[in-house]
Amino acid sequence: MTPENLVGLLAQPSRMRVLAAIALGATTPSAVAKASGLPPKEAARAVRRLWDHGVVVAGPQGLGVDYDLLSDLSRRTAASTSPEGVVPDAEGGELWPFVRGGRLITLPARQNRRRAVLEHVVARSFDPAVEYDERTVSEKLREWCEGGEVDHVAVRRYLIDMGLLVRGNGVYRVKGETPPEPGAAERYVSFMGLD
């Protein structure tokens, strides 16, 4: 069964009505005919056709929908399609297959998509008003990379290279300007322990 087969099978209104009747609890051919509003012969033909394709099965209570088949078909379809060039929405719904369940599975090869994924990570992990030390940044990124194919150190490097995080004086910030390096006076004060 392929998605195309299923769509073709359900393109016939009588089959769609019969499948809906069975999904809603009709378990016998006569109950299916009554619930679908179809003549008994037409309902029986539709049941037979759905049965032949494995969408309808016999269970302990009578006719039923093979939800395992439909779930498997859904998973296979999702795994075989990837949205090309889609910019993620505010909820991150279009980040699949790169982000799943709050985890970074892999990074896209295309620069613009990689940037979109990394912007998603930054937006959910770092507050623009807060400065972070390297250990904290690494911990946050390690959580994202747990169970995926991407190393948190590589992600940190990408974030810096793309300007999504800036680093200066051992401090990381979201975008913005890098803190200036200390001048001679600041280094002297620090060296003397007067800071």
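This is a predicted model: local features need pLDDT of at least 70, side-chain atom pairs count only at pLDDT 80 or more; totals for chains, interfaces and linings use all residues.
I started with the largest nonpolar core: of its 24 residues, Leu104, Phe126, Val155 and Leu159 touch the most other members. The elements giving two or more residues to this core are α6, α7, α8 and β7. By nonpolar core I mean a set of buried Ala, Val, Leu, Ile, Met, Phe, Trp, Tyr and Cys residues joined through side-chain atoms within 4.5 Å. Buried is under 20% relative accessible area, exposed over 50%, partly exposed in between (1.4 Å probe, protein chains only).

Residues are numbered from 1 along each chain as its sequence is written, and side-chain values use heavy atoms, with hydrogens and water left out.

Next I looked up Phe126. Not counting residues up to four places away in sequence, Phe126 touches Tyr132, Val137, Lys140, Leu141, Leu165 and Val174 (contact: heavy atoms within 4.5 Å).

Then helix α8, residues 152-161: its buried residues are His152, Val155, Arg156, Leu159 and Ile160. They sit on the same side of α8, because they cover an arc of only 135° around the axis (the arc of the directions from the helix axis to the C-beta atoms). Their cover includes β4, α6, α7, β6 and β7. Helices (H or I, at least four residues) and strands (E, at least two) are DSSP runs, numbered from the N terminus.

I checked the sheet too: 3 strands form an open, antiparallel sheet in the order β5-β7-β6. β5 and β6 stand at the edges with a single partner strand each, so one side of each has no neighbour in the sheet. Strands pair if DSSP finds at least two bridges between them; β5 and β7 have 2.

Last, salt bridges (a side-chain nitrogen of Lys or Arg within 4 Å of a carboxyl oxygen of Asp or Glu). I count 6 in the whole structure. Which did I look at?

- Glu134 and Arg156 meet at 3.5 Å, N to O. This pair links distant parts of the chain, α7 and α8, 22 residues apart. Arg156 is buried at 11%, while Glu134 is partly exposed at 38%.
- Arg115 and Glu119 meet at 3.2 Å, N to O, and both lie in α6, 4 residues apart.
- Arg135 bridges to Glu139, closest N and O atoms 3.2 Å apart. Arg135 is exposed at 63%.
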